[in-house]
Amino acid sequence: MAASRPAVSLHHSLFPPPALLSTIHRLASYLSSCRTPPPSSDLHRNLSALHASLLRTATLVDYVTRLPPSLTGKLVDAIFAADDLVDQLEYESLQKQVEEMEKAEAEKDGVGGKIVDLSVFRGFQTGEDDDTANLKLAAPSSSISGSLRRPALNPSVETEAKGAELTLESNTDRGLDVESRVPDPSICGCFCSSKTKKQRETRSSRFLSCCFGFNKDSRSAVNGNHAAKKEDSITVAARTEIGGEIGSGTQKNDLSSSQVSNSEGQKNSLEEINVDRIMKIVESLDIVSAYLRESTGISFSTCDLESPHEILHKEKAASSLSLGDLFFYNDEKEQLVKELLKFNEDNVCIFPILGPRGVGKTTLAHFVYQDERIEEYFHSRVWICASDDLNSMRITGVTADPPSISTPLAARELEKLKFMVRNLQDQLKEKRFLLVLDDVESIEWVMQFASLKDCGKGSKIIITAREEGVIDERGKGNKILLKGVIDEGNHFLSFFNWCAFNCEDPQNYSELQVISKRISTLLNGNPLAAKAVGGVLQTEFTDAHWTRILNELLELKDDLTDIMPVLMLCYNHLPPHLKWCFAYCSVFSKGYPFDAQNLINMWISLGFVEPTDSNKTVEDVGREYLDGLLSRSFLELPIYNRSYWRSRYYAMHNLMYDLSKSVGVKECLVYENETIYQLYLDRWKYFRSFICNSKHVINFGVLSRIRVLDLSYSGMKQLSNSIGNCIHLRYLNLDGNNLYKLPESLCKLYHLKFLAVPENCHRLPERFNNLINLRHLNASEEAIAWIANKGRLARLQELKKFHVRLKKGYDIGQLKDLIELKGELCIQDLNDVGRKEEVIEADLNGKTRIEKLQLKWRTWRKEGLRVDAQEVLESLKPPPCLKHLEIHSFGGSQSPGWLEDQSLIFLQSIHLKNCNKWNQLPPFGHLPHLKVLKIEGMNVIVDGGTWMIDPYPSLRELYLDNTSIMFEDISWQEQRCKCFLKLKKLVAVKCKRVGGLPPLALLSSLEELEIKKSPDLESQLSGCLKHLKSLTTLKMSAPNLTHFPCQVLQHLKYLEIDGCQSLVSWLIDNEEDVHHSSLVSLSIVNSPLPAGPVLVKFLTSIRELRIDQCIKISSFSKEQKEWFASLISLEKLSISNCAQLRELPPNLHQLLSLKQMIIQGCPNLDSLPSNLPESLKVFEILKCNSVLVSQLLGEEAPDWIKRIPFRYIA
């Protein structure tokens, strides 16, 4: 009978390691696969026993709070030994798969058939040749040290095994300075912090990090702390008795894998070694299990054991909260913005925001920093996270390294700080800037940055700090003190309930409301504490759970003045898998916005993520983990204006970062620039992650067990062949390096799931398709295009473009086995399809996760098609769930059956381009979800479908470009225009004929209308505009238009008049009472400028004015000059390609909102106004009068030109 779980569990930090559960799952999959040894074999029986022992241990460990140190070490040794064992078995299985694929391909070519040689492409690469003769292969591994039986190694290998060494060689001989050896902390992660506050404060800012799964005793990891100074190398020596360690053995690469693996004697030897290893692991696990059974009193059979998924996901998942929707400091924000916008003669003014940890100082600074008024007023804005790590790249964007200083630490740090200030000063010279120094702990920071010289007047610095001692007298008068939310009117309680109840209605939980009120009083008005505790509560809406949290907070009552104990309490209530994921986030620098998908890929590679649903990918589960940390406020969404960044990047609050460092302290080793740790190799066997973004050449000798290797932006010019020894590697990031080619040994990393390659690497190794486990490949389009036999990469998740070629290994049939593809797929060069059978074999219909499909033929053809385009398109039936379809340059004349039979009911957009022979389109109007229809370069008739009641019920956007089109049988007259009811945007450009559409005046839902060189629609413009009350954007080119109805300007925001040479009048209907205009942007292209009453009545509110190709304009009339003076809201003025223009309006200096002014292609413009407004930030004058340009560049340039921060004159 299983024992009940204690009411209050003392959650231990990061135990057990996730390798335990992932090993159970992987071992079960291996035993059920067809490649496992026969059930009657000793190896299979021992593996089954190992699986049961691991499962028993996983369940028992979940019921205890701690183990004796000796048993902890034994358990950790056993777990990681089992992990490496299963990894090796999987590797051997993958290797056999690759060999079978190569054999099958050779047989397919026939006896003596020759596989395509891709070495001809090496001419496109640069750099040194691969030394394949010296490629070393990894030998079988054993993760438990001891006298295990292993194959004999040759003498040279034996020597290497006894003294394995990790060498980081300097690149000084490659033209890099000595200091470039030192890594940069902005891009170098470390899964730990130093063990004491003093160590954290004195930690060097430039380091390497090695992250691993678990450290049973971090103090015993370091045999000695020896300072070592070498100009050209850093060596981490490791010595131990290996007993068959992975990476200890080497073989020449000229021996084929089949020669190595097919030796029967070696097979038997390896099986004996594996059985011996299994017995030792099971023995260790049994010792631990016996102790656990005795401690817990649990007695059960194997059938009572919980699956790893049940252990991993017992807790109710919490939905994500949108942080930042509620903000308490609006008054303080407005006060600070008002002060920042005040102009002052002083070079720099300082505004400190002070308060205890977690009270919202950074949040207030963020909201001020992103305020539109602030963005418009300052020429430049800079945000600096003033953490311990002095980081010039993250702060100033400067790539140069600080100088090397052989002085005491404090002096070195000060010198580096001064170096960064100098670089920042160069960037901000003569600019009015806003600088935010977040989380300042030293007055030296403030003094250095406040001394910035030659900056624009009115520059400001915001400081967030906990103590007033970090600011000098200049800032004390402007300080803002935040003490937490004073709960007048229950504002803080309302906020806390919002965090705790999430989407639930608190009124439905009267008893929980009472508990919630008591908890909120303990949090001292601290918003971060409210979000963190609320995230814990929302996981379970029961009295017992909420009362337990209340009691734990009451126990901390004396410590609640500091938020860190509260955050630790919340961390202790995280489920185990989220603890590991959170702790690993400390590999990023403080304040660093990290790429969400990149982080998820790292989690997956380290075994932190286990799929629980066959309908979800492991990436989907990883995203759920990320959302789980977000909902509990362990992660945050950065405050970005652009949605692109908001959806891609996450951040961590500074205090949460400190927490992640503290809980991850035993899980990392830090290499500092002047401190070298001598380690024994038995410590290296726990390493699972290595992140080194410094300029070094790395020997991977003792890193053969790592799962994650990040060498991005490390200045690497060549990847060593020894990378092939890292056979356990899942994640490899080489982005941002100068690598033009990769070694062939990379293709031996059969476990590799995630690979990022620099854009300048245009060719991948010949046998790249051996990486059959690869899920994500980030490489240049050219590099991916030249991968032969892509069909081997069956687990690939994304393949945005597939180029069909008349070459073996590049046929469209390669898509057959890529069944996991998702998102977007573009198949190019369909002209080169060799056989119809290959198209059918590709089976697009079976790739159910593809949402966007592009099918493209070339417009030019060297020779005739081998397969008729009609047959090809008919065979390329998309999956039924497809949402977006594009077909380009299709040469057939009929619609494919799959587009006629209404099977693609989920289509949301259709784009047809240059399909010249395709003249009859199917009735797209029946597609219930179609939102966008785009037709380019075609002459077509679209079947309207007389049987439809409401055709095009969801269509939002219709694009017609260089097209003649007729919509047949749309009975808009009888139906009172029930078609196109939701059409928001209509674009018709260069359309000779457009028929069948309802009159424009009946399309009352239109918001954007662009009609250019389309006679059928141009003729309707003058009569329809009055009726389109929802219209906000109008772009028109109507040569015959003589009168423009100005009443439409009441609703328009954006107006572009292009090529309306006959426009002579802007009509105003005096019978209508019009008091305002909504127009904010006006573009006049190759048309007369407006004149008359319209100027004053409708065109004074515009913020952007563009005058282009108005070749008849030589000067502005008196009326137009007065109009210019009235444009008090104008922010951007552009005048271009006006060949006759000689002068500009003289009163432009009155435009106090003007920020950007561009003059281009006006060769007769010989003068500029005597002055321009001080608000001007950007001034460009190009291809104008050479004399005028010389004046502006010479000593006689007017004073106003010198004060503009961004100017370009040529």
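This is a predicted model: local features need pLDDT of at least 70, side-chain atom pairs count only at pLDDT 80 or more; totals for chains, interfaces and linings use all residues.
Five strands make up an open sheet. Their order is E6-E7-E8-E5-E9, and the pairing is parallel. Strands E6 (380-385) and E9 (480-481) stand at the edges. Each has a single partner strand, so one side of each is left without a neighbour in the sheet.

Strand E5 (residues 348-354) pairs with E8 in the parallel sense over seven bridges. Pro352 stands opposite Ile463 in E8. E5 also pairs with E9, again in the parallel sense, over two bridges. There, Leu354 stands opposite Leu481 in E9.

## Strand E8 and the crossover

In a regular strand the side chains alternate between the two faces of the sheet. Both faces of E8 are covered. Ser459, Ile461, Ile463 and Ala465 are buried on one side. Lys460, Ile462 and Thr464 are buried on the other. Seven of the seven residues of E8 are buried, so the strand is largely enclosed by the rest of the structure.

E7 and E8 run parallel and are joined by five bridges. Leu437 stands opposite Ile463 in E8. From E7 the chain crosses through H15 to E8, and this β-α-β crossover is right-handed.

## Helix H15 on the sheet

Which strands does helix H15 touch? Helix H15 (residues 443-450) packs on the sheet and touches E5, E6, strand E7 (433-440) and strand E8 (459-465). The direction of H15 makes about 170° with that of E7.

## Helix H10: two sides

Helix H10 (residues 330-340) has Lys333, Leu336, Val337 and Leu340 as its buried residues. They cover an arc of only 100° around the axis, which puts them on the same side of H10. Asp331 and Lys338 are exposed on the other side of H10.

The cover over the buried residues of H10 includes the strands E5, E7, E8 and E9. Helix H11 (361-369) and helix H12 (372-377) are also part of this cover.

## Salt bridges

Side chains of opposite charge can pair when their charged atoms come close. The whole structure holds 43 salt bridges. One of them joins the side chains of Glu1007 and Lys984, at 3.7 Å from N to O. This pair links distant parts of the chain, 23 residues apart. Glu1007 lies in the loop between strand E31 (993-995) and strand E32 (1008-1012). Lys984 lies in the loop between strand E29 (964-967) and strand E30 (985-989). Glu1007 is partly exposed, with a relative accessible area of 32%. Lys984 is partly exposed, at 33%.

Lys985 forms a salt bridge with Glu1008, with the closest N and O atoms 3.6 Å apart. Here strand E30 supplies Lys985 and strand E32 supplies Glu1008, 23 residues apart. Lys985 is partly exposed, with a relative accessible area of 21%. Glu1008 is partly exposed, at 32%.

Is Asp1108 buried or exposed? Asp1108 is buried, with a relative accessible area of 8%. Asp1108 meets Arg1106 in a salt bridge between their side chains (3.6 Å, N to O). Arg1106 is partly exposed, with a relative accessible area of 24%.

Technical notes:
Residues are numbered from 1 along each chain as its sequence is written. Side-chain values use heavy atoms; hydrogens and water are left out. Two strands pair if DSSP finds at least two bridges between them. Helices (H or I, at least four residues) and strands (E, at least two) are DSSP runs, numbered from the N terminus. Contact means heavy atoms within 4.5 Å. Axes are lines fitted to C-alpha atoms, for helices over the stretch in contact, and angles run from 0 to 180 degrees between N-to-C directions. Buried means under 20% relative accessible area, exposed over 50%, partly exposed in between (1.4 Å probe, protein chains only). The arc is that of the directions from the helix axis to the C-beta atoms. A salt bridge is a side-chain nitrogen of Lys or Arg within 4 Å of a carboxyl oxygen of Asp or Glu. A crossover is right-handed if, with the strands pointing away from the viewer, the path from the first strand over the helix to the second runs clockwise.
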